[in-house]
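Open the model in your viewer and keep the selection tool at hand. The stops below go one after another.

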Amino acid sequence: MQPLEPTVPGVTATPPPVAVSYSTTLEPSTPPPATAVELEPGSAAHPQTASEPDRAVDVAVVQFAPYTDKDANLAQLRAEVRAAAGHGARVVVAPEYSMFAVTRLDRRVLEAAEPITGPWVDGLRGLAAEFGVHLVAGVVEAPGGGERDHVYNTLVAAAPDAEFVAVYRKVHLYDAFGFRESDIVLPGEVTDPATFTVDGVTFGLQTCFDLRFPEGCRRVAAAGAQVLVLPAQWIPGPAKVDQWTTLLRARAIENTVYVAAADQAAPRGAGASMIVDPMGTVLAELGENTGIATARVDLGHLEQVRATNPSLALRRFTVEPR
């Protein structure tokens, strides 16, 4: 995999990661192969680096195909988190609607919804504790208060002690490309950006269609996030993967942040989960099939990029809710 950006004066380029494939069913102690091979279905991309940089966190994005069996979805997610943790990930990002997924939202989603104190999120928090990771995943949240005709599209971030560290309810609903997410989903309230910190690295949350609104991602970066975490169910369609890739790299470049984007696998998602560095270089990526991709977030590299291109510090405008 070659860097997608030319060398920038004053910035030491991150070496392109070596993509290797390994089965997510291997024992956690099994090391990945040392040679590069082409990724295959059910494989993962794992960058190999020569040294352990200071102030660095290994991150994994999980790509799988949740459907309408919530227990099966949690079991599949467990297998992927286990594999990611076994290969060193401290933060694991799963897709939007990991709990329950359909192509077009309908009453099945209403019936599947649970409060974030419900059994599915309890299971999610249990996975974070079992494998000692910070885990982010999308759930269908029942709003409570007598509301039965709508749900929230919610991201939950759980810590290794199984406690909540961040909750984000999607603000921009997918009323585009012939879909009407707002028929079933309530928009989240515009609040302070949802962030959490792991080993000195700050992660900020956005969801899927939020990617098309640069001001929302800018708010997250301005709040101190060094990594934009973006679970998605990016619905397949003409040019959609190109748009996804372009927008992810644009959000990374314009905010000088890392981006960790976890999409659903085919057939209900377009796949192409990836991790992008602050220069827009794709560090690790997947195709359309189930797998995990890992990369290292290095604050030393981030600081080099921001010293050479201080665009975030030079901005002249703030973002206000509409």
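How many disulfides does the structure hold? The structure, a predicted model, holds zero. Cysteine 208 counts as buried, at 5% relative accessibility. Cysteine 217 is buried too, and its relative accessible area is 2%.

**The whole chain**

Zoom out and colour by secondary structure. There are six helices and 14 strands in the chain. The chain has 322 residues, and 51% of them are buried. Now look at contacts with a separation of 6 or more: 70% of these come from residues 24 or more positions apart.

**The six-strand sheet**

Select β8 through β13. These strands form an open sheet with the order β8-β9-β10-β11-β12-β13. The pairing is mixed. Which strands stand at the edges? They are β8 and β13. Each has a single partner strand, so one side of each lacks a neighbour in the sheet. On average, neighbouring strands here are turned by 20° against each other, with direction ignored.

Select residues 195–198, which make up β8. Show the side chains and watch them alternate. Phe196 and Val198 point to one face, and these two are buried.

Threonine 197 has threonine 202 of β9 as its bridge partner. Two residues lie between the strands of this hairpin. Stop at aspartate 199 in the hairpin, where phi is positive, near 50°.

Keep β9 selected. Are its residues buried or exposed? Five of its five residues are buried. Val201, Phe203 and Leu205 point one way, while Thr202 and Gly204 point the other way. Both groups are buried.

Next, bring in β10. β9 and β10 pair in the parallel sense, over three bridges. Return to glycine 204, which stands opposite leucine 228 in β10.

Move to β12 and β13. Three bridges join them, and the two strands run antiparallel. Pick valine 276 and look across to β13: valine 282 stands opposite.

**Helix α5**

Select residues 240–255, helix α5. How far apart are its end C-alpha atoms? They are 22 Å apart. The helix has 16 residues, and at 1.5 Å a residue it should span 22 Å, so the two values agree.

Now pick out the buried residues of α5: Lys240, Trp244, Leu247, Leu248, Arg249, Arg251, Ala252 and Asn255. What covers them? The cover includes two helices, α4 (214–222) and α6 (299–308). It also includes the strands β10 (227–232), β11 (258–263), β12 (274–276) and β13 (282–285). Step past the end of α5 to threonine 256, whose phi is positive, near 45°.

**Salt bridges**

How many salt bridges does a search of the whole structure find? It finds 13.

Select arginine 296 and aspartate 58. They form a salt bridge, with the closest N and O atoms 2.7 Å apart. This pair links distant parts of the chain, 238 residues apart. Arginine 296 lies in strand β14 (residues 291–298), and aspartate 58 lies in strand β2 (residues 56–63). Both arginine 296 and aspartate 58 are buried.

Go on to glutamate 130 and arginine 78. Their side chains meet in a salt bridge, at 2.4 Å from N to O. Glutamate 130 sits in helix α3 (residues 119–131) and arginine 78 in helix α1 (residues 70–86), 52 residues apart. Are these two buried or partly exposed? Glutamate 130 counts as partly exposed, at 43% relative accessibility. Arginine 78 also counts as partly exposed, at 33%.

Then select aspartate 175 and arginine 180. Their side chains form a salt bridge at 3.4 Å, N to O. Aspartate 175 is partly exposed, with a relative accessible area of 33%. Arginine 180 is partly exposed, at 49%.

For the last stop, select Glu96, Lys170 and Glu181. Salt bridges with shared partners join them into one network.

Key
Residues numbered from 1 in each chain as written. Predicted model: local features only at pLDDT ≥ 70, side-chain atom pairs only at ≥ 80, totals over all residues. Heavy atoms only, no water. Helix = DSSP H or I, 4+ residues; strand = E, 2+ residues; numbered from the N terminus. Expected span 1.5 Å × (residues − 1). Buried < 20%, exposed > 50% of the residue type's maximum accessible area, 1.4 Å probe, protein only. Contact = heavy atoms within 4.5 Å. Pairing = 2+ DSSP bridges. Disulfide = S-S within 2.5 Å. Axes fitted to C-alpha atoms, helices over the stretch in contact; angles between N-to-C directions. Salt bridge = Lys/Arg side-chain N within 4 Å of Asp/Glu carboxyl O.
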